[in-house]
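Please look through the sequence and the structure shown below before reading on.

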Amino acid sequence: MKEKRPVPGNLYLIGFMGSGKSAAAGFLNRNYNMPLIEMDQEIEKNEGMPPAEIFAEKGEEYFRDLETRLLGRLQKASGIVVSCGGGVPMRPENVEMMKNSGKIVLLTASPETILERVSRNNDRPVLAGRKTISGIRELMEKRRPAYEAAADLVVENDKESLEEVCRRILEVFS
Ligand code: S3P
């Protein structure tokens with residue numbers, strides 16, 4: 001039997017590409033009955049093309065505006081888990097919306113783990129030319145202050161099981 005939905009407000013999962021947001025959000029969806037919004041997929045559905053193509057054809061700012069608009073629409077929802085694109089916390093207005101409508105959990109992993117996870121595909125334009133430990137570390141360090149300032153809770157997701165990671169994520173609501 002599925003567990004009762006545990007949260008008031010929304011649960012926003014943030015973190016670097018490959019930090020495991022989608023896997024954790026999927027687990028929470030399946031096991032805790034939380035409706036799931038995967039921001040990249042939602043944007044792809046609305047625009048009829050994946051983020052990489054949007055970046056290439058319309059530019060990064062256009063994509064970032066789509067993220068902000070989507071977050072705006074999610075303000076009306078409650079009790080959903082949102083797997084955010086890695087760039088979402090870089091806009092202060094996005095962070096403000098998330099803070100006003102739920103809890104924010106930052107997932108972290110080492111550059112080594114991230115590289116292993118992202119090397120399987122080529123669908124992340126911001127990683128073009130930086131799929132190395134040092135390239136990933138550099139961008140991660142640039143983003144770290146914004147990620148950490150946004151987070152209500154930080155959960156390491158390097159070697160822990162998905163169950164354990166999700167159990168810790170839900171502690172943000174206790
Ligand atoms: C991005 C992360 C991607 C996607 C886009 C940009 C980023 O999402 O939104 O390629 O700037 O970090 P994931 O974090 O789900 O890979």
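M140 is buried, with a relative accessible area of 13%, where buried means under 20% relative accessible area, exposed means over 50%, and partly exposed lies in between (1.4 Å probe, protein chains only). This residue, M140, is found in helix α7, and helices here are DSSP runs of H or I with at least four residues, while strands are runs of E with at least two, both numbered from the N terminus. Between the C-alpha atoms of M140 and G79, which are 61 residues apart in sequence, the distance in space is 29 Å.

The model is predicted, so that local features need pLDDT of at least 70 and side-chain atom pairs count only at pLDDT 80 or more, whereas totals for chains, interfaces and linings use all residues. Residues are numbered from 1 along each chain as its sequence is written, and side-chain values use heavy atoms, with hydrogens and water left out.

**Other residues**

Helix α7, which covers residues 133–150, is also the place of R144. R144 counts as partly exposed because its relative accessible area is 38%. The side chains of R144 and E141 are joined by a polar contact of 2.5 Å, a term that stands for a pair of N or O atoms within 3.5 Å; within protein, one atom must be able to donate a hydrogen and the other to accept it, and residues adjacent in sequence count only if both atoms are side-chain atoms.

A24 lies in helix α1, and A24 counts as buried because its relative accessibility is 0%. N33 is found in the loop between α1 (21–32) and β2 (36–38), and N33 is partly exposed, with a relative accessible area of 36%. The phi angle of N33 is near 65 degrees, which is a positive value in a residue other than glycine. E96 has its place in helix α5, residues 92–101, and E96 is exposed because its relative accessible area is 52%.

| Pair | Separation in sequence | C-alpha to C-alpha distance |
|---|---|---|
| E96 and A150 | 54 residues | 8.6 Å |
| R144 and F16 | 128 residues | 8.9 Å |
| A24 and V155 | 131 residues | 11 Å |

**The ligand**

Which residues come nearest to the ligand? Of the 13 residues around the ligand, K21, D40, R64, R124 and R143 come nearest, and a residue is counted as near if one of its heavy atoms lies within 4 Å of the molecule. By class, this shell has four nonpolar, three polar and six charged residues. Helix α4, residues 60–74, gives the most to the shell, with three residues.

An oxygen atom of the ligand is 2.6 Å from an N or O atom in the side chain of R143, and an oxygen atom of the ligand is 2.7 Å from an N or O atom in the side chain of R124. The protein covers 96% of the 390 Å² of accessible area that the ligand has on its own, with accessible areas taken from the Shrake-Rupley method with a 1.4 Å probe.

Terms used: Ala, Val, Leu, Ile, Met, Phe, Trp, Tyr, Cys and Pro count as nonpolar, Asp, Glu, Lys and Arg as charged, and the others, Gly among them, as polar.
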